Amino acid sequence: MVVGAGPAGASAAYAAAVAGRRVLLLEKSELPRYKTCGGGIIGPSRDSLPPGFELPLQDRVHAVTFSLQGRFARTRRSRRMLFGLINRPEFDAQLVEHAQKAGAELRTGATVTRVEQHGPAVPDRRTVAVVLADGETVLARAVIGADGSASRIGAHVGVKLGQVDLGLEAEIPVPPSVAEDWKGRVLIDWGPMPGSYGWVFPKGDTLTVGVISARGEGAATKRYMEDFVARLGLSGFEPTISSGHLTRCRTDDSPLSRGRVLVCGDAAGLLEPWTREGISYALRSGRLAGEWAVRVAEAGDAVDARRQALNYAFAIKAGLGVEMAVGRRMLALFERRPGLLHATITGLRPAWNAFADITRGSATLGGMVRSNGMARRALEILDRRMDTSTGVGPAGRGVGQRERPASEGEVAGEGQGHGSSDPEASGSPESPGTPRAQEAPAAPEAS
């Protein structure tokens with residue numbers, strides 16, 4: 001049984017169904033449903049999709065504009081696609097359809113209230129009881145929790161969270177002239193609070209605009225969102241959807257299973273700590289959970305079931321866990337030195353190439369640190385500097401005094417090397433937002 005029909009749950013259901021198991025996929029909402037999410041599909045996400053899956057892309061990104069609190073904007077371009085943009089309702093529904101075609105049974109409107117592995121509702125030690133809000137009890141040989149960041153299954157397993165962030169997002173319809181300015185290009189703005197950033201993702205005649213920062217900075221995050229939208233010249237356009245969402249990141253020692261119950265995706269706190277990217281983590285951990293849940297279901301006793309669950313945890317930690325550890329170090333650096341990061345990624349060709357490789361899926365943060373001695377030594381040096389200057393190590397959530405933003409001269413000086421010398425990418429200074437953001441037409445009068 002799989003609880004939750006998002007990318008993690010649908011991926012788990014597909015993997016278990018393809019292996020020949022009977023799979024029940026429970027979802028509390030009716031599909032399709034909206035989820036607060038930028039909708040960026042990077043290379044690892046594409047590589048984890050079922051065979052024959054056709055991405056419902058709204059746009060293909062070939063350029064990224066980076067800015068630092070709205071200043072020092074600079075665009076980097078690539079002839080090859082960096083990543084794609086989707087709307088979550090269509091994407092999630094299509095993943096569920098693939099799971100159903102593989103043999104999974106879908107039940108929507110099914111809210112899980114609790115999970116029991118002992119007691120009168122459980123007939124034997126090989127069975128898990130899942131109790132629904134209407135009082136029905138459903139029995140399974142193994143259960144996968146993929147029910148989001150506020151997971152009931154995660155609470156049953158005992159998932160521990162070390163980083164919680166608040167994301168705010170708006171879906172803003174825009175006129176064709178504004179949409180054309182953004183076609184094929186996204187904006188990433190390093191924000192005013194430690195660890196915060198904003199984004200603009202174009203999807204046809206709609207822009208997905210959002211910001212994220214540490215929980216506890218709610219008022220400041222809201223102000224950042226309002227200022228960000230205004231700076232882009234988008235204040236006059238009425239959003240069709242405005243939403244908020246908490247992202248939760250697991251601690252290193254957080255469990256991934258309990259008995260015959262596994263967790264994956266947001267329910268397990270699996271996401272990239274720096275960017276808070278979660279779709280690729282959901283798809284990859286969901287596939288692994290589905291594969292190992294088959295083995296758990298076939299286990300004849302508690303010892304064997306526990307062995308298979310531990311193997312699932314090892315698989316997660318050896319892959320996604322390594323990437324998350326590097327992501328935490330990158331977040332610590334970003335919280336401390338956002339100006340340095342901005343200057344590096346916009347001004348140094350190797351840094352941009354690394355960004356492009358990661359988004360395309362030809363490299364990962366963890367893989368780069370393992371295989372690239374220079375990258376590994378640079379991170380180690382920065383870790384030591386942060387430890388001695390702030391008392392905050394690479395696993396720290398916050399920092400003390402925020403590092404001042406780099407001056408315009410510093411950024412410009414670091415950026416001397418980018419441009420036509422890069423055979424794969426080009427860069428150019430921009431005004432904040434779109435090249436013609438200030439020329440956006442006035443908002444239509446309210447009707």
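This is a short walk through the structure, from the overall make-up to single residues.

The model is predicted, so local features need pLDDT of at least 70 and side-chain atom pairs count only at pLDDT 80 or more, while totals for chains, interfaces and linings use all residues. Residues are numbered from 1 along each chain as its sequence is written, and side-chain values use heavy atoms, with hydrogens and water left out.

Start with the whole. The protein's secondary structure comes to 13 helices and 20 strands. Both are DSSP runs, numbered from the N terminus: helices are H or I with at least four residues, strands are E with at least two. The protein has 447 residues, and buried ones make up 54% of them. Buried means under 20% relative accessible area, exposed means over 50%, and partly exposed lies in between (1.4 Å probe, protein chains only). Contacts count when heavy atoms are within 4.5 Å. Among contacts with a separation of 6 or more, 76% come from residues 24 or more positions apart.

Leu31 and Pro32 are joined by a cis peptide bond, with omega about -5°. Pro32 sits in the loop between strand E2 (24-27) and strand E3 (40-41). Further on, Gln69 has a positive phi, near 55°, although Gln69 is a residue other than glycine. Its place is the loop between strand E5 (63-68) and strand E6 (71-78). Gln69 is partly exposed, at 27% relative accessibility. Phe72 also has a positive phi near 55° in a residue other than glycine. Phe72 belongs to strand E6. With a relative accessible area of 16%, Phe72 is buried.

Next comes a sheet. Three strands form an open sheet, in the order E9-E10-E11, with antiparallel pairing. Strands count as paired if DSSP finds at least two bridges between them. Strand E9 (112-116) and strand E11 (137-140) are the edges, each pairing on one side only. From one strand to the next, the twist averages 25°. That angle is taken between N-to-C directions, on a scale from 0 to 180 degrees, with axes as lines fitted to C-alpha atoms. Strand E10 (residues 128-132) pairs with E11 over four bridges, in the antiparallel sense. Val130 has Val138 in E11 as its bridge partner.

Move on to helix H6. Helix H6 (residues 218-231) has 14 residues. From its first C-alpha to its last, H6 reaches 20 Å, close to the 20 Å expected at 1.5 Å a residue. The expected span is 1.5 Å times one less than the number of residues. Which residues of H6 are buried? They are Ala220, Thr221, Tyr224, Met225, Phe228 and Val229. Seen down the axis of H6, these buried residues fall within an arc of 165°, so they line one face of the helix. The arc is that of the directions from the helix axis to the C-beta atoms. An α-helix has 3.6 residues a turn, so residues three or four places apart point the same way. On the other side of H6, Ala219 and Lys222 are exposed. The cover over the buried residues of H6 includes strand E13 (161-173), strand E14 (185-190), strand E15 (197-203) and strand E16 (206-214). Gly233 follows H6, with a positive phi near 75°.

The structure holds 14 salt bridges. Each is a side-chain nitrogen of Lys or Arg within 4 Å of a carboxyl oxygen of Asp or Glu. One joins Arg231 and Asp189 (3.5 Å, N to O). Arg231 lies in helix H6 and Asp189 in strand E14, so the pair ties together parts that are 42 residues apart in sequence. Arg231 is partly exposed at 24% relative accessibility, whereas Asp189 is buried at 0%.

Another salt bridge joins Arg284 and Glu323 (3.0 Å, N to O). Arg284 lies in helix H7 (residues 279-298) and Glu323 in helix H8, so this pair ties together parts that are 39 residues apart in sequence. Arg284 is buried, with a relative accessible area of 13%. Glu323 is buried too, at 14%. Helix H8 spans residues 302-336. Not counting residues up to four places away in sequence, Glu323 touches Tyr281, Arg284, Thr364 and Gly366. Elsewhere, Glu27, Arg33, Arg88 and Asp92 are linked in a network of salt bridges.
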